[in-house]
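Please open the model in your viewer and keep the sequence panel beside it. The tour below moves from one selection to the next.

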Amino acid sequence: MVFDLDGVLIDSEPLWEQVRRQVVAEYGGRWTDEAQSRLMGMSTPEWARYLSDGLGVDLPPDDVAALVIERMGAGYADRLPLIPGAVEAVRAMAARWPLGLASSSPQALIEAVLDAAALGDVFTVALSTEGVARGKPAPDIYLTVAERLGTNPARCAAVEDSSNGLRSAAAAGMRVIAIPHPRYPPDPDALALAGLVLPGLDGLTPAAVAAMR
């Protein structure tokens, strides 16, 4: 069983958007209507380069990444936006299957969130797209997590919310569970890749996952 983090376990996408918008505005860039949807799922090097080269931020990508990550960490320290039911859902799944985490967040933020939520010991593998060649929608992160779990991707179910995340899990050959974010809904073609669509984490039960074909 493999979870995404942002938008599935923590309601962090509004904070990511706020921080990136601020950096773009402060450093001479221009935010676009499609920026947030394009950014969701990108690895740290990819989104830092996109802000610098694509949105015109007057900083090199490494500096963009460092600044955004610093502000995200400060935001989490002020208030961790755990989605209601996240801890309970994760622990229920962990009682049945080994768990992996496949996130586009930087590894440092992943570890900070899991520690703050007291979930650091629940995931067998917790990996950032920083550690693979390509971010979502490429399947690299899910394939690598499955490999480290010691299982075939086809035997895994992945829980995702975004278009790029859904595409990534499906491309890896996993069974896909979608929990769409109401503010950032996935594209219809991406949502169609899911074998199970749930309105929230309350519906994510071992029985519901086991019933997927």
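This is a predicted model: local features need pLDDT of at least 70, side-chain atom pairs count only at pLDDT 80 or more; totals for chains, interfaces and linings use all residues.

Residues are numbered from 1 along each chain as its sequence is written, and side-chain values use heavy atoms, with hydrogens and water left out.

Next, select helix H3 itself, residues 44–54; helices here are DSSP runs of H or I with at least four residues, and strands are runs of E with at least two, numbered from the N terminus. Its buried residues are Thr44, Trp47, Ala48, Tyr50, Leu51 and Ser52, where buried means under 20% relative accessible area, exposed over 50%, and partly exposed in between (1.4 Å probe, protein chains only).

Within H3, centre on alanine 48, which counts as buried at 1% relative accessibility. Leaving aside residues up to four places away in sequence, alanine 48 touches Pro61, Val64 and Ala65, a contact being heavy atoms within 4.5 Å. Between alanine 48 and valine 64 the C-alpha to C-alpha distance is 5.7 Å, although they lie 16 residues apart in sequence.

Now move to serine 105, in the loop between strand S2 (100–103) and helix H6 (107–116). Serine 105 is buried, with a relative accessible area of 1%, and, again not counting residues up to four places away in sequence, touches Leu5, Asp6, Trp16, Ile110 and Ser128.

Finally, colour the chain by domain: domain 1 comprises 2–11 + 82–211 and domain 2 comprises 12–78, with bounds that come from an automatic or database domain assignment. The contact takes 20 residues from domain 1 and 18 residues from domain 2. Together the two domains bury about 1,500 Å², 58% of it on carbon and sulfur atoms; buried area is the accessible area (1.4 Å probe) that two parts lose on being put together, summed over both. On the domain 1 side, select Asp11, Leu109 and Tyr184, which lose the most area to domain 2, together 34% of what that side buries.

As a last stop, show arginine 183 and glutamate 17, which form a salt bridge with their closest N and O atoms 3.6 Å apart; the rule requires a side-chain nitrogen of Lys or Arg within 4 Å of a carboxyl oxygen of Asp or Glu.
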